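Trainee: I have a model open and would like to go through how its chains meet. Could you walk me through it?

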4 protein chains.
Amino acid sequence: MKKKKVPSLVKDERLIKTRREQIVKAAVELFNRKGYHGTTTREVAQASGFSIGTLYEYIGSKEDILYLVCDAVYDEVVEKWERLVDKNLVGLERLHQVIQSYFRVVDDLQDEVLVMYQESKALSGEALNYVLQKELSMKVMFEKEIRSCIEKGLITIDEEEISLACHNILVAGHMWTFRRWIIQKEYDIEAYCDLQIAQLFRGFQIKDHSFQPARSNINSEGR
Amino acid sequence: MKKKKVPSLVKDERLIKTRREQIVKAAVELFNRKGYHGTTTREVAQASGFSIGTLYEYIGSKEDILYLVCDAVYDEVVEKWERLVDKNLVGLERLHQVIQSYFRVVDDLQDEVLVMYQESKALSGEALNYVLQKELSMKVMFEKEIRSCIEKGLITIDEEEISLACHNILVAGHMWTFRRWIIQKEYDIEAYCDLQIAQLFRGFQIKDHSFQPARSNINSEGR
Amino acid sequence: MKKKKVPSLVKDERLIKTRREQIVKAAVELFNRKGYHGTTTREVAQASGFSIGTLYEYIGSKEDILYLVCDAVYDEVVEKWERLVDKNLVGLERLHQVIQSYFRVVDDLQDEVLVMYQESKALSGEALNYVLQKELSMKVMFEKEIRSCIEKGLITIDEEEISLACHNILVAGHMWTFRRWIIQKEYDIEAYCDLQIAQLFRGFQIKDHSFQPARSNINSEGR
Amino acid sequence: MKKKKVPSLVKDERLIKTRREQIVKAAVELFNRKGYHGTTTREVAQASGFSIGTLYEYIGSKEDILYLVCDAVYDEVVEKWERLVDKNLVGLERLHQVIQSYFRVVDDLQDEVLVMYQESKALSGEALNYVLQKELSMKVMFEKEIRSCIEKGLITIDEEEISLACHNILVAGHMWTFRRWIIQKEYDIEAYCDLQIAQLFRGFQIKDHSFQPARSNINSEGR
DNA sequence: TATGAATGAGGTTTCATTCAT
DNA sequence: AATGAATGAAACCTCATTCAT
């Protein structure tokens, strides 16, 4: 899956990177508040700290901004996630931690994930495809973890249910953002983590009934 | 929760109803295909079978169209749902059937639900509020069913998990539409129903281990 | 050679005709004064007597304006030309009058012809092609007249020179407009007519040396 | 007629000359292909082999590029023309050769002449004036030749027709470029030369009926 | 002298909404 | 009650030009 090439009139790759980071940051905030369609390119430029002309030195069209946002958010999610997962854990504890970390990252990057989630459908053609593929690749990560547990005989779950379970995990993460108007009134992220994972694990039919996932203890680092 | 009043220059209430039904039908198709922002009022008028001038005799603004759509879809979902639920069932079988019926209705009204789901965020103020309240009222329906089962001692689930479980059911329905690009490639609606319900029920920790929900047998009635 | 279809959002064909006439009239004046590229669509709208929005109800793009101009000008040229030619004349007198009438029409529609002549190259694809074809069809008209004289043994001119002579006549007409900055200082239209035709006829090697074309006596009928 | 001064930030006159030659060469190609208005200064800079910043070290505005082009083309046309004219010829043969050489040069510098011809109207004020004067000076060259022949009693042509004949010669040259879409399909440059000159000469009413201009034998030198 | 990132005025086009018929 | 032509604010995007390095 190749990245879509976003055209730039500027040659300095380093500068492109910096400026695009500014753009993405500004766009996330604006798209969150006013939606992609409700945000003008001028606003993005201004919020990015430069003129409309300069904005268009780094993108080819408004849609490119959305694409840059989605691309950056996915990368950031995956990156933070991988940093959070303890490589030493194995078995159910690992599975537990993988899911928990995912929820944490989503909580951490709430605005970003929400934007990506709600606006990505405005992308077209190649860009949309790329984003959907990335989405899919995340599902596959969960699939690997679950299959690993199945192989070790730790959980029992029908083959045909595996994929569905992964969708459920993924969507449980998104839910935390797109239903935050109600769900974050009812739960904090720790409770949400514990309860969702508890329900998921019961769905997995864990054989070792002594397994007790440690309660979450999230020290949300910064942001 | 009072309905938002959509202004009309026409007196005849009967006519208003008819025309708005035409509008909603046309809008659902268009919003699905091109999104709310990608659809023009002209297109809605044309697809509705009348002129742009006439359209504005029955609505006050473009947003009203979206509101009418959301309102109508919720009503239709609830109505079809209630018609599908067998009033004679009780206990786990009833819970099972309530969820199953919900999934069926969502499948039946796929385009409508997807539009409502993806575009309702474009609503503002009063209208948005109304739609969110309606959404909430659906969650409450599930809650009632679950509490009823708990009271009867049929399922065990922590008080704090109840609400979350209901969100999960609701979102599992939406998922069928907003992830249809991938999930409907992997499952048909029957399999999706059975597997999602199986996972949910395991999450409910059903005491009566002999309970075996009948496999779905959906005879999709028209549409 | 089919006309290019210029899109309009308005249904009333009569109105389309009227409005487009207004547009063409305004555009000719503006394009003459400031050139096609130097004229904004806003200016065209304003000079046409309506808003920019209304302008775009009658055209699809700025280029359409230029196309409408070229199309209208050609039609008007041909129409006026045909009206001017005396159907009763024959032989050299007819040829003489055909050319003279052409020059007169060009003089009469000076601004229009100049615009068409100088700006048509800004057209693209289908539209450009159509205009070039129309141009060609005018050359063919002269060709017919000349061949008719040749057949009657009135003039002697090599076969291979015929087409060239027609180009020369056509361009002699255009010249009157695109070199008007100098040529109209030196000659008035009557003198220009007479002298150009004299030179052309000498080029035709007329056999009947008694032929004396009557001096021009142009009573320019308004405009 | 003084040249318009094109400002430059660079002192070294030698360098200015070199760079401007690069600019003109690049601009001719671009203006031909995309027109003056359709070409950006960036493109000119790039095609010239340097940056946009450098371009503006050697010109004051985009219009200056067009002016430089027109100026250079006229100079080149005149220079090549003079080189081609055989100083030893006299009388009708000289006149013939002067015209023939002019056509040859136009053919040789087709792209350049076309650009100058089609785009010079975009010049303004002083620059436009200068170009028109240069144009005029070419007409005067022909005039001198013709008057010389008249004085020698070689051709008969009314005083008032002289100027017109010169315009016709000049335009016959331009025609070869601006009608090339059709005329170069019908004739090659040799035939065009011969036939146009034949027609012109007949228009001149040559007295010495034994004069037979040698058929063209153009050995197109390079390009 | 050369570079190229930055600027912002201004261009074309769209579209929700109005109102005379 | 129905029509659809008219409106104009505002959107996206371009590009000639400048200036710090």
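Trainee: Happy to start with size: how much area do chain B and chain A bury between them?

Mentor: Keep in mind that this is a predicted model. The size of an interface is often given as the accessible area lost when the parts come together. Of the area buried here, 56% lies on carbon and sulfur atoms. For chain B and chain A the total is about 3400 Å².

Trainee: Which element gives the largest share of the side of chain B that touches chain A?

Mentor: Chain B has 38 residues in contact with 38 residues of chain A. On the chain B side, 18 of these are nonpolar, ten polar and ten charged. The elements giving two or more residues include α7 (125-151) and α10 (189-204) of chain B. The largest share, twelve residues, comes from α8(B).

Trainee: And the charged pairs: how many salt bridges does the rule find across the interface of chain B and chain A?

Mentor: One pair to look at is A:E186 with B:K139, whose closest N and O atoms are 3.5 Å apart. That is a salt bridge because the cut-off is 4 Å. Across the interface of chain B and chain A, the count of salt bridges is six.

Trainee: Nice! What kind of axis relates the two copies?

Mentor: Chain B can be laid on chain A with an RMSD of 0.1 Å, using a turn of 179° and a shift of 0.0 Å along the axis. The two copies are therefore related as by a two-fold rotation axis.

Trainee: What percentage of the contact residues of chain B recur in chain A?

Mentor: The same surface serves both copies. The share of chain B contact residues that recur in chain A is 100%.

Technical notes:
Residues are numbered from 1 along each chain as its sequence is written. Chains are lettered from A and ligands numbered from 1 in the order in which they are written. This is a predicted model: local features need pLDDT of at least 70, side-chain atom pairs count only at pLDDT 80 or more; totals for chains, interfaces and linings use all residues. Side-chain values use heavy atoms; hydrogens and water are left out. Contact means heavy atoms within 4.5 Å. Buried area is the accessible area (1.4 Å probe) that two parts lose on being put together, summed over both. A salt bridge is a side-chain nitrogen of Lys or Arg within 4 Å of a carboxyl oxygen of Asp or Glu. Helices (H or I, at least four residues) and strands (E, at least two) are DSSP runs, numbered from the N terminus. Ala, Val, Leu, Ile, Met, Phe, Trp, Tyr, Cys and Pro count as nonpolar, Asp, Glu, Lys and Arg as charged, and the others, Gly among them, as polar. Copies are superposed by least squares on the C-alpha atoms of residues with pLDDT of at least 70 in both.
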